[in-house]
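Here is a note for a colleague who is opening this structure for the first time. The points below are meant to be read with the sequence and the model side by side.

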Amino acid sequence: MKRFDEDGTNSIELLEFQKALESLALEPPVSRQDVSVLFSRLDPDGGGSIEYQDIALLFDEREDARPCPFDQGQAFELVADIADVVVLLLDSKTSRFNPTELGIIKAIHSKHKHKMHFSCIDNHEQRDALARVLSATLEDRSLESIPCVSTESTQAL
């Protein structure tokens with residue numbers, strides 16, 4: 001995300017957030033309205049910016065850092081329930097998912113397929129294998145070919 005912090009405030013404003021999402025080249029593309037709604041959900045105090053530390057807390061797996069009592073699966077499902085867009089970036093440098101990840105993805109996909117966007121980081125040799133596993137697990141042939149974004153685009157996030 002720091003790459004998109006054009007004004008150096010250590011936070012991301014709406015326009016910077018929109019540029020960051022556009023750089024991912026998600027399929028289908030995320031509409032400007034969806035970007036605004038997602039941004040407002042990540043900016044709960046309505047201050048007009050998303051702080052790095054708030055986003056870091058969402059992904060910190062240390063027990064003492066968790067801001068809520070949910071396990072990882074429950075937390076992702078809760079966010080998916082209230083979000084208008086769910087973005088899943090796959091790291092193609094691995095050829096498998098762990099069972100917990102697949103379970104979470106499958107649960108969210110079964111309830112929210114219409115708002116899920118998949119993209120793969122880099123065009124790595126394992127990308128097709130990941131796509132096949134995901135497609136078979138979710139019983140969704142449209143995932144047999146997942147678009148790629150470059151590492152350069154995602155390093156800022």
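**Notes on the model**

1. Helix α5 (residues 99-112) packs against helix α6 (residues 127-138) at an angle of about 55°, and their axes are 10 Å apart. Axes here are lines fitted to C-alpha atoms, for helices over the stretch in contact, and angles run from 0 to 180 degrees between N-to-C directions. α5 and α6 are therefore oblique to each other, given that angles under 35 degrees count as roughly parallel, over 145 as roughly antiparallel, 65 to 115 as roughly perpendicular and the rest as oblique. The crossing of α5 past α6 is right-handed; a crossing has this hand if the near helix is turned clockwise from the far one by less than a right angle, and is left-handed if anticlockwise. On the α5 side the contact is made by Leu102, Ile105, Lys106 and His109, and on the α6 side by Val133, Leu134, Thr137 and Leu138, where contact means heavy atoms within 4.5 Å. Sorted by class, this contact has five nonpolar, two polar and one charged residues, with Ala, Val, Leu, Ile, Met, Phe, Trp, Tyr, Cys and Pro counted as nonpolar, Asp, Glu, Lys and Arg as charged, and the others, Gly among them, as polar.

2. A word on the basis of these notes: this is a predicted model, in which local features need pLDDT of at least 70 and side-chain atom pairs count only at pLDDT 80 or more, while totals for chains, interfaces and linings use all residues. Residues are numbered from 1 along each chain as its sequence is written, and side-chain values use heavy atoms, with hydrogens and water left out.

3. For the chain as a whole, there are seven helices and five strands, both being DSSP runs numbered from the N terminus (helices H or I, at least four residues; strands E, at least two). Along the sequence they follow the pattern β-α-α-β-α-α-β-α-β-α-β-α. Of the 157 residues of the protein chain, 37% count as buried, which is to say under 20% relative accessible area, with exposed meaning over 50% and partly exposed in between (1.4 Å probe, protein chains only). Among contacts with a separation of 6 or more, 71% are between residues 24 or more positions apart.

4. From α4, Gln72, Gly73, Phe76, Glu77, Ala80 and Asp81 meet Thr100, Ile104, Ala107, Ile108, Lys111 and His112 of α5. The contact of α4 with α5 has, by class, five nonpolar, four polar and three charged residues.

5. His112, which is found in helix α5, deserves a separate look. His112 is buried, because its relative accessible area is 9%, and, apart from neighbours within four places in sequence, it is in contact with Ala80 and Asp81. The C-alpha atoms of His112 and Val86 are separated by 8.2 Å, although the two residues are 26 residues apart along the chain.

6. Two strand residues may be read together. Ser119 lies in strand β4 (residues 116-121) and is buried, with a relative accessible area of 0%; its contacts, leaving aside neighbours within four places in sequence, include Leu24, Leu26, Leu88, Leu89, Leu90 and Ile146. Leu89 is placed in strand β3 (residues 86-91) and counts as partly exposed, at 31% relative accessibility. Leu89 and Leu26 are 63 residues apart in sequence, and their C-alpha atoms are 9.3 Å apart in space.

7. Which backbone angle is worth checking at Asn10 and at Glu139? Asn10 has a positive phi of about 60° although it is not a glycine, and Glu139, likewise not a glycine, has a positive phi of about 50°.
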